[in-house]
Amino acid sequence: MNRLDPELLQRSFVKLTATFPKRLTSLYMSLRMGHAPLNKHLHRIGKIESPHCPHCQRIEETVHHFLISCPFYQCERHILVNALGRKAFSISYLLTDPNATHLVRYINASGRLKTTFGEVLLPRKPPD
Ligand SMILES: [Zn+2]
């Protein structure tokens, strides 16, 4: 996964999440830091045996894999791509888009992070 500029993220993050429900803020934070409860991270912290995606053999389940490339979520991703076009394939865009609606819908529809985050509420109102 490409490293994002930490300082830029830090600055924009406070503004970005000002209108976010709390759970959405922690979801965003965990995705940005690579600490989302996906197998690569769970393996790193010793919670599970394998870092691999539950749906793909021998491919680590990273944030990038989950959001951008895992074929298991292609229906959910199709909706994301319809809404965002090529930007749906940019991690930096997805995790800095003030209108988090599309990403949240994708994550809710995938059900993948439900154990930790439940149904993630949408932002009350996207910031201007
Ligand atoms: Zn996969």
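Contact here means heavy atoms within 4.5 Å. Buried means under 20% relative accessible area, exposed means over 50%, and partly exposed is in between, with a 1.4 Å probe and protein chains only. Helices (H or I, at least four residues) and strands (E, at least two) are DSSP runs, numbered from the N terminus.

The structure is a predicted model, in which local features need pLDDT of at least 70, side-chain atom pairs count only at pLDDT 80 or more, and totals for chains, interfaces and linings use all residues. Residues are numbered from 1 along each chain as its sequence is written, and side-chain values use heavy atoms, with hydrogens and water left out.

The chain has eight helices and zero strands, and its pattern along the sequence reads α-α-α-α-α-α-α-α. Of its 128 residues, 41% count as buried. Among contacts between residues at least 6 apart in sequence, 49% join residues at least 24 apart.

A zinc ion is held by C53 (SG), C56 (SG), H65 (NE2) and C70 (SG), at 2.0 to 2.3 Å. Donors are N, O and S atoms within 2.8 Å of the metal (3.2 Å for Na, K and Ca); water is not among the atoms, so sites may look incomplete. Along the chain, the zinc donors are spaced as C-x2-C-x8-H-x4-C. C53 lies in the loop between α3 (39-44) and α4 (63-69), while H65 lies in helix α4, so this pair ties together parts that are 12 residues apart in sequence. The angles among the four donor atoms of the zinc ion are 105 to 114°, and the site is tetrahedral. Four donors count as tetrahedral if all angles lie between 85 and 135 degrees. For comparison, the ideal angle for four tetrahedral donors is 109.5 degrees. C53 is buried, with a relative accessible area of 6%, and H65 is buried with a relative accessible area of 6%.

R58 is exposed, at a relative accessible area of 70%. Its phi is positive, near 55°, and R58 is a residue other than glycine. Most residues other than glycine have a negative phi.

N39 is found in α3 and is buried, with a relative accessible area of 10%. Leaving aside neighbours within four places in sequence, N39 is in contact with I48, S50, P51, H52, C53, P54, E61 and R112; C53 in this list is one of the zinc ligands. H41 is also placed in helix α3 and is buried, with a relative accessible area of 11%. Leaving aside neighbours within four places in sequence, H41 is in contact with G34, H35 and A36. H41 and E60 are 19 residues apart in sequence, and their C-alpha atoms are 9.5 Å apart in space.

The next element to look at is α7. Seven of the 10 residues of α7 are buried, so this helix is largely enclosed by the rest of the structure. The buried residues are T101, L103, V104, Y106, I107, N108 and S110, and they pack against α2 (22-32), α4, α5 and α6 (91-94).

The pairing of α7 with α5 can be described in more detail. Two packed helices are described by the angle between their axes and the distance between the axes. The axes of α5 (residues 74-84) and α7 (residues 101-110) come within 9 Å and cross at roughly 170°. Axes are lines fitted to C-alpha atoms, for helices over the stretch in contact, and angles run from 0 to 180 degrees between N-to-C directions. The two helices α5 and α7 are therefore roughly antiparallel to each other, a term for angles over 145 degrees. E76, R77, L80, A83 and L84 of α5 make the contact with H102, L103, Y106, A109 and S110 of α7.

Within α7, N108 counts as buried at 18% relative accessibility. Leaving aside neighbours within four places in sequence, N108 is in contact with G118, E119 and V120. G111 follows α7 and has a positive phi, near 70°.

Further on, L122 lies in the segment after α8 (114-117). L122 is partly exposed, with a relative accessible area of 34%. Not counting residues up to four places away in sequence, L122 touches P21, T101, V104 and R105. L122 and F20 are 102 residues apart in sequence and 7.4 Å apart in space, C-alpha to C-alpha.

Methods. Parallel < 35°, antiparallel > 145°, perpendicular 65-115°, else oblique. Tetrahedral: all angles 85-135°; square planar, octahedral: opposite > 155°, others 65-115°.
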